[in-house]
Amino acid sequence: MTMQTTTPGWLEPHPAPATPRFILPQGAVDAHCHVFGPAAVFPFAPERKYTPGDAGKEALFALRDRLGFARNVIVQATCHGADNRALVDACQAAGGRARGVATVRRDISDDDLTRLHDAGVRGVRFNFVKRLVDVTPADELLEIATRVARFGWHVVVYFEAQDLPDLRDLFAALPTIVVVDHMGRPDVSKPVDGPEFGLFLDFMRRHPNVWSKVSCPERLSVTGPPALDGEAHPYRDVVPFARRIVQEFPERVLWGTDWPHPNLKDHMPDDGLLVDFIPHIAPTPELQRQLLVDNPMLLYWPDEG
Ligand SMILES: O=C(O)c1cc(C(=O)O)oc(=O)c1
C-alpha cells in the first residue's frame with residue numbers, strides 16, 4: 001500500500017460536528033461535497049495540485065445522517081483529475097441517495113459517458129481556478145458540454161470573481177444549465193452593491209440557465225467569525241452576498257457543505273454550525289425549501305421531485 005504525504009498544513013474535517021439547531025426540511029440535499037480516495041484504493045491524480053487526507057464515502061454518509069440531509073451531490077475534486085472511480089463508487093454505494101458531477105476529457109467515449117450516467121452522474125465540472133488546475137482549452141470544454149447536453153447533464157463551473165469578464169462569453173455559449181460554484185468567489189471585502197458583485201448578478205439576470213451555489217462562507221469570509229465553538233452567527237460578511245442571490249434567484253440556487261473542505265488554511269469549520277448558517281441566507285421556510293429540496297431535486301432527481 002502506498003502512503004501519501006498530505007500537502008503541508010492540510011486540515012482534516014471537523015472530528016465531531018455539532019447537531020444543527022436549524023432543522024433541515026424533509027428531503028434536504030447537500031449539493032456540494034467531495035470524496036477523497038481512500039488513496040490506497042482510488043489513487044490521486046498525478047497532475048493534482050494538492051494531496052489531501054483520505055475522506056471516503058463512509059465518513060460522508062455518516063455526516064449526511066448526522067446533519068439531517070437525505071441526499072448528496074458528490075462533485076469530482078481536482079485531486080482526482082478525470083479519474084472518476086472514487087466518485088462512481090460513492091454514488092453506487094449510496095443506493096440512489098447520491099448523484100455525481102464528474103470531470104471528463106474530450107477523449108471519453110459515449111459508452112463511458114453512459115456508464116457514468118448509469119452510476120448517477122448528472123453533470124461535468126469545468127475548473128478555472130489556477131491554483132487547482134492547468135487550463136483546458138475552450139474548444140475542448142465546448143465540445144464536452146455539447147456531448148453531455150445530449151445526456152441531459154449540466155455544467156458546473158468554478159472560477160474566481162476577477163476572471164468572470166474573461167470567461168462569461170464561454171459560459172454564455174454553453175448549451176446546458178450552468179451551475180456556478182461558491183457564488184463565483186466574490187471578494188466580500190468589496191461592497192455587495194459594487195461593480196464586481198454587480199457583474200455576477202447581472203450575469204445571472206441575463207442568462208436564465210445560470211444557477212449559483214450559495215456555499216463556502218468559510219472560504220470567502222474575511223472577518224469571520226468562524227463556525228466554531230457554538231458560534232451562532234458565523235461569517236457575517238458573506239451573508240449579504242449569499243442572501244442577495246437567494247432572494248433574487250430563489251429557483252436557481254443550491255447549497256452544499258463542501259465537506260471535507262479542501263485547502264482551508266485558517267480553520268476547519270464545524271459542519272453543524274455551517275448548517276445553522278442557512279437560515280441567515282435563506283430566511284423563510286419557502287426559500288429554504290427551494291434551496292435545499294426543490295432546486296436540487298429538479299436538477300439531480302427530476303423523476304422523484
Ligand atoms: O477552493 C478550493 O480549494 C476547492 C477545491 C476543490 C477541488 O479541488 O475540487 O473543490 C472546491 O469546491 C473548492
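Predicted model: local features only at pLDDT ≥ 70, side-chain atom pairs only at ≥ 80, totals over all residues.
Local features require pLDDT of at least 70 and side-chain atom pairs pLDDT 80 or more, whereas totals for linings use all residues. Residues are numbered from 1 along each chain, and side-chain values rest on heavy atoms, without hydrogens and water.

Oxygen atoms of the ligand also lie 2.6 Å from a side-chain N or O atom of Tyr 158 and 2.9 Å from one of His 182. The protein covers 100% of the 330 Å² of accessible area that the ligand has on its own (Shrake-Rupley method, 1.4 Å probe). Around the ligand are 15 residues (a heavy atom within 4 Å), of which Tyr 50, Thr 78, Arg 125, Arg 131 and Tyr 158 come nearest.

The ligand sits in the largest cavity, with more than half of its atoms within 2 Å of the grid points; on a 1 Å grid over the protein atoms alone, a cavity is a set of points where a 1.4 Å probe fits but cannot get out, and a pocket is an open set with protein on both sides within 12 Å along at least five of seven lines.

The largest pocket holds about 330 Å³ of space and is lined by 21 residues (an atom within 4 Å of a point), with Thr 103, Arg 105, Val 133, Asp 134 and Thr 136 nearest its centre.

Terms used: Points joined across faces, edges and corners; volume = space filled by probe spheres on them. Polar contact = N/O pair within 3.5 Å; in protein donor to acceptor, adjacent residues only side chain to side chain.
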